[in-house]
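Visitor: I would like a close look at a single part of this model, with the cut-offs spelled out as they come up.

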Amino acid sequence: MTALQHVKPGAYYAVNLPRPDDFAFWRDRARQLIQCDVPPDRVAWVEPGGAGDLFAGGDTRLPAPPADARPVRASKRFLGVAKNAVLHSDPERFALLYRLLWRLQGNPRIMEDKTDADVRRVEEWDKNVRRDSHKMHAFVRFRQVEDEDGGEHYVAWFEPDHHIVRANAGFFRRRFANMRWSILTPKGTLHWDGETMREGPPARREDAPGDDPVEDLWRKYYASIFNPARLKVGAMLSEMPKKYWKNLPEASLIPELIAGAQTREAQMVDAGKSGFGMEFEDKPETLEAIDKAIHACRQCPIGNLDNHAVMGEGPSDAALMIVGEQPGDQEDMAGRPFVGPAGQLLDVHLEKAGIRRSAAYVTNAVKHFKYVPKVTGRGKRRIHQSPSAKEIDTCRWWQEAERAIVQPKLVLAMGASAARGILGKTVSINKARGAPIALEDGSELWITAHPSYLLRLDGEAREEQARLFDADLAAVKARLGELQTAKGP
């Protein structure tokens, strides 16, 4: 760019961007043009290799802001969204962002107007870019190759929809710091040698390697852990669109696994009814007897892990029974249900709904903590694993025994595993929530999400799910009041 000049009346200006994802460059030039009072319709933003528009031949010598130029207004919300929107592939992004920044000078609260077309479009770009980055984190698969010096090198191919490659370099550098790797994409490449990150030109699919021997092991592992009882094809395609399948070694198995899912689920349910080929004794008649029995239970693989059974807790005549999935690491160590992060979040939402946890009986569908051991830089850790349908069905015996003793008027199942533990079948949380299901013992079942699901989300997704969770708890609170009133004094 050449030297600065004074504003020319009626002049048009062209800003040649050095990179299609350079937010800092756009921000500096946009601030300069705003301070010079150059309206959006007199600025053309030209990406590398782009021809721009009718005004792309405008003056590239931008004007110098006057000495008394006012500071540029830019809300925190605008800056946060703009940093992602700049990475979008829409060629109009730089111009629209400048127009929105221009409007912010006269209306500092414009980002709060969800009906504004410019605001909606920029927020949609932000959402699309964040989703594309999430897919990159989830679906990059490294394949091992041999360097010229005989060392190990890992190469991955990915096809982003937007200009997110450089923005995500830090994520992969931190996650795979001890590996030598390259990520090849049509929008540019990244190369990490263990110390230095380099950028390279766009690549082609044929530049990436094919399968390696490790992928056969991965496919076998994926097939062995595939749980047909938890299969939701629509949700799977939403989270893992078919465009990514060609880069995933396990994707070749998916059609066959889906085709056999219903048959396998029926087999799992039938097998679960028999308690892994072993019959239980008569149901215990007290909560103390259940507590003693679950500590001795070895009817499923979870009970044979290095863990401790976690009994439910609360009044033995509670009107409300809350059922979760299974104990976590902290619950296993403390010997009490819902004392970890999910339990702490549950307490917050229960208090918000006006439900006293101390008045409810709180338990889990599965009584032991299911995990896999893993050695990390922080030592040995136990990584949570979801229980299988057979394990849930086997442990249903104990949850039914608790319910028979407590005799709650209303049962709140949190999560699909908890709902299965009560109903004996898999249900959709979104379809089942918000309405009661009559149980054979005369109580009502209400279904909602598990609080740990909220912990895995962030941003708008978490806010939306928290809103639904609060609505479910509010409905439970209201229904409990109705049932208590019907009971009478």
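Visitor: Which residue lies over the face of Tyr12, and at what distance from the ring centre? Please go on from there to the aromatic rings and their setting.

Guide: The model is predicted, so local features need pLDDT of at least 70 and side-chain atom pairs count only at pLDDT 80 or more, while totals for chains, interfaces and linings use all residues. Residues are numbered from 1 along each chain as its sequence is written, and side-chain values use heavy atoms, with hydrogens and water left out.

Arg42 is the residue over the face of Tyr12, at 5.0 Å from the ring centre. A charge sits over a ring if NZ of Lys or CZ of Arg is within 6 Å of the ring centre and within 35 degrees of the ring normal. Tyr371 also has a charge over its ring, that of Arg382, 4.9 Å from the centre.

Next, the rings themselves. Rings of Phe, Tyr and Trp (its six-membered ring) pair if their centres lie within 6.5 Å; planes under 30 degrees apart count as stacked, over 60 as edge-to-face and the rest as tilted. The count by this rule is 10 aromatic pairs. One of them joins Phe142 and Trp181, a tilted pair with 5.9 Å centre to centre and 50° between the planes. Phe142 lies in the loop between α4 (117–139) and β3 (143–146) and Trp181 in strand β5 (residues 181–185), so the pair ties together parts 39 residues apart in sequence. Helices (H or I, at least four residues) and strands (E, at least two) are DSSP runs, numbered from the N terminus.

Phe142 is buried at a relative accessible area of 16%, and Trp181 is buried at 0%. Buried means under 20% relative accessible area, exposed over 50%, and partly exposed in between (1.4 Å probe, protein chains only). Phe142 and Trp181 belong to one aromatic cluster with Phe171, Phe172 and Phe176.

As for the setting, the protein chain has 17 helices and 14 strands. Of its 489 residues, 45% are buried. Contact means heavy atoms within 4.5 Å. Among contacts between residues at least 6 apart in sequence, 72% join residues at least 24 apart.

Another buried residue is Glu444, with a relative accessible area of 14%, found in strand β14 (residues 444–448). Leaving out residues up to four places away in sequence, Glu444 touches Lys409, Leu410, Val411, Pro436, Ile437, Arg479 and Leu483.
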